[in-house]
Amino acid sequence: MPIRDIQILYFASLREQLDRDRETIALTGDLKTISDICQLLAGRGGAWKGMFDGSMTILYAVNQQIARRETEIKPGDELAFFPPVTGG
Amino acid sequence: MISVQSDDFSVEAVCDELRQKAGDTGAIVTFTGLVREFAKDRSIHLMTLEHYPGMTEKSLQSIVDKADKRWDINDSIIIHRVGALKPGDQIVIVAIASRHRKDAFEAAEFIMDYLKTDAPFWKKEHTDAGEHWVAQDSKDIDASRRWGSTNR
């Protein structure tokens, strides 16, 4: 993975609706927080817009730790988006 | 010990393991979660459990670490299954060994309440009416919250 990239993982119903379980994106200068990434993804329109425009409850994790929209992203990070959890 | 696995587990084997390292253990409490056959009047023929490999284990360990700080626990075993399960199948076991029963009961309940709201697992039910992802239950969020702030 090139040095400025981040890996994004999608789980459960998100993965199904977006028809994608992962992707790699380049972390350009304007992408600093999870919120910035959400905006980028919402900009794709369609199912992406519905998912990332703030109307749906999505949880975030960075490097396998729960994160918030304000959490900053660095190159090499693993970012994950998923619905509220239902284990146990 | 924490394990996320597709294989079934034996409650007796888990208890035996905790007894072997007994030390001053006077109490062993276990909780076992099962796949229900019915949900909202629909018969479930299959439940599939997805998880976030890597984060699941870290999350369970973090929950156990929190319990360790609050209660006097000698040892614990948490096993959570993933993959395709049938009605009646075992999903999860939380087993706690401690000197006294109060710590064991409370720690087990705490760990289950937190697992329900924090651990990255997702259940999908397959019924006659089709398949759907299970939604988070507000009762589980309330249960998790009642333990108060634990520096999450």
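1. A salt bridge is a side-chain nitrogen of Lys or Arg within 4 Å of a carboxyl oxygen of Asp or Glu. In this predicted model, 2 salt bridges are counted between chain A and chain B.

2. The next point concerns the extent of the interface. On one side, 19 residues of chain A take part, and they are in contact with 25 residues of chain B. The area buried between chain A and chain B comes to about 1,700 Å². Carbon and sulfur atoms give 57% of that area. Of the area that chain A buries against chain B, 39% is supplied by Q64(A), T86(A) and G88(A), which is more than any other three residues supply.

3. Polar contacts may be considered together with the elements of chain A that face chain B. Across the interface of chain A and chain B there are 14 residue pairs in polar contact, with both residues at pLDDT 80 or more. On the side of chain A that touches chain B, at least two residues come from each of α1 (12–18), β4 (65–67) and β5 (78–82) of chain A. The largest share, 4 residues, belongs to α1(A). Sorted by class, the side of chain A that touches chain B holds 10 nonpolar, 6 polar and 3 charged residues.

4. How many residues of strand β8 (residues 121–127) of chain B are buried? The count is 7 of its 7 residues, and the strand is thus described as mostly covered.

5. Finally, the neighbours of β8(B) should be noted. Which strand is joined to β8(B) by 7 bridges? That strand is β4 (residues 42–51) of chain B, and the two run antiparallel. Within this pairing, M47(B) has E125(B) as its bridge partner. Strand β9 (residues 130–133) of chain B is also joined to β8(B), by 4 bridges and again in an antiparallel arrangement. Here H126(B) stands opposite E131(B). Together β8(B) and β9(B) form a hairpin, with 2 residues between the strands.

Conventions. Residues are numbered from 1 along each chain as its sequence is written. Chains are lettered from A and ligands numbered from 1 in the order in which they are written. This is a predicted model: local features need pLDDT of at least 70, side-chain atom pairs count only at pLDDT 80 or more; totals for chains, interfaces and linings use all residues. Side-chain values use heavy atoms; hydrogens and water are left out. Contact means heavy atoms within 4.5 Å. Buried area is the accessible area (1.4 Å probe) that two parts lose on being put together, summed over both. A polar contact is a pair of N or O atoms within 3.5 Å; within protein, one must be able to donate a hydrogen and the other to accept it, and residues adjacent in sequence count only if both atoms are side-chain atoms. Ala, Val, Leu, Ile, Met, Phe, Trp, Tyr, Cys and Pro count as nonpolar, Asp, Glu, Lys and Arg as charged, and the others, Gly among them, as polar. Buried means under 20% relative accessible area, exposed over 50%, partly exposed in between (1.4 Å probe, protein chains only). Two strands pair if DSSP finds at least two bridges between them.
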